[in-house]
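Please open the model in your viewer and keep the selection panel at hand. The tour below goes from one selection to the next and says what is there.

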Amino acid sequence: MKLVEILKVAIAAIWAHKLRSALTLLGMIVGVTAFVTVVSLIQGFNVYIDEKIAGIGAKPFSVQRFNPFEDFKDTDTIAAAQRRNKDLTLDDYEYLKEHATLVGKIGAKARGTPSEVKRNDQVLEDIFVSGGTANSADIDNRNIADGRFFTETEAEGAARVAYIGADIATKLFPAGNPIGGEIYVRGLPYRVIGVEAVKGTVFGIPQDNFIVIPLKTYAIDFGTLVRQRSLYFTATSKTDETFNDAVEEVRFLLRARRHLGPKEKDNFGIVTPDAITGLRDRIFGTMFFVAMGVPFIALVVGAIVIMNIMLVSVTERTKEIGLRKSLGARQRDILKQFLLESVTMATIGGAIGVFLAWIVGKIVTQIIFQTYLSFGAIALAIGVAGGFGILAGIFPAWKAARLDPIEALRAET
């Protein structure tokens, strides 16, 4: 028999028992749906992290009081870091700015403070207001929808100007252009000079409720740049090739400025994109294998059900097998027929599972965050389903191929 003919017979046998075939496929459908859903969630998160890092522009790194990947491992390391590490200062910033030769751009920022923001009778609570240097917009590669970011002159002069998120603009200026408008932050007036393009939400958390003001203005109006208003720096290297050298240069300069000995640990933290993606890969690599346990169990159960139904099918079609053999069908023809039937059934279940996972991914994208389903993941899922179909069909196909044609023709159906 030709492969096409075998496939036609297999599909006809599945279609002849539609309800039984549908119930048989449930285990395979559930397993593949779970498998593809987990893969799309993890791939979506990986793509999101990569896009955010790439969206910042030239490969950036940050200098902070703490390195979260090293100083926050457990209570002992946290306590040691709190005793050892010192707040960064504007003098540190100016020192690095003056002495670093491999750094392309370096900017200073202060962490956000939840604040009340008003315009006329509109009041917004817990809006994060942060401070930054004028060049931080270039380093962060901000997507400005309207207006501009503040200038170096405004930053040095501690001007009360504000760069706001899209949600702030929509809520406080529902009927007009916010550029040039006045808002009150903690009772102090600020002139709106720019609005950022819509970012949307990440894990259900809005990304457009923020205000950035000049760093000197922030220090005057909000207080000393320590603790919850702590200062940190973001920097880029002049070229991608010198990125690691730029990071080490900044580390060397800060260690020298703070008079650290060769055996003393850094009393500051430097965070690079590679550290972020490395942590992501370690967390989600482990999570991926753990999460694959449930789909694997469902696929095994689905394969067992397919094997059971195939054994029933062999019993029901014993006389048909005997007739085929008497007309010249060889053992391998019978083997291929039942094996292909099992694989076809499993593959159909896999395809349905992929479709259901795609629907689940669309729902998750609308509610939580963007999922990503690659062609490779689809091919892998259907391939895994087909592989389980082969395993499920080997024994029934072997049993059918080994039937004696005379005994098979005598069987009652």
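Is Asp92 buried or exposed? Asp92 is buried, with a relative accessible area of 5%, where buried means under 20% relative accessible area, exposed over 50% and partly exposed in between, computed with a 1.4 Å probe on protein chains only. Before going further, note that this is a predicted model, in which local features need pLDDT of at least 70 and side-chain atom pairs count only at pLDDT 80 or more, whereas totals for chains, interfaces and linings use all residues. Residues are numbered from 1 along each chain as its sequence is written, and side-chain values use heavy atoms, with hydrogens and water left out.

Next, select Arg257 together with Asp92: their side chains meet in a salt bridge, at 2.5 Å from N to O, the term standing for a side-chain nitrogen of Lys or Arg within 4 Å of a carboxyl oxygen of Asp or Glu. This pair links distant parts of the chain, since Arg257 lies in helix H10 (residues 243–257) and Asp92 in helix H5 (residues 90–99), 165 residues apart; helices (H or I, at least four residues) and strands (E, at least two) are DSSP runs numbered from the N terminus. Arg257 is partly exposed, with a relative accessible area of 29%.

Now move to Asp140 and Lys109, which form a salt bridge whose closest N and O atoms are 2.5 Å apart. Asp140 sits in the loop between helix H6 (136–139) and strand S4 (144–147), while Lys109 belongs to strand S2 (residues 103–119), 31 residues apart. Both count as buried, Asp140 at 18% relative accessibility and Lys109 at 11%.

Select Arg142 and Glu196 next, whose side chains meet in a salt bridge of 3.0 Å, N to O. Arg142 is in the loop between H6 and S4, and Glu196 is in strand S7 (residues 188–196), 54 residues apart.

Finally, display helix H12 (residues 293–316) and helix H15 (residues 375–401), which pack at an angle of about 30° with their axes 9 Å apart; axes are lines fitted to C-alpha atoms, for helices over the stretch in contact, and angles run from 0 to 180 degrees between N-to-C directions. H12 and H15 are therefore roughly parallel to each other, a term for angles under 35 degrees. The contact (heavy atoms within 4.5 Å) includes Phe296 and Leu299 of H12 and Phe388 and Lys399 of H15.

Technical notes. Parallel < 35°, antiparallel > 145°, perpendicular 65-115°, else oblique.
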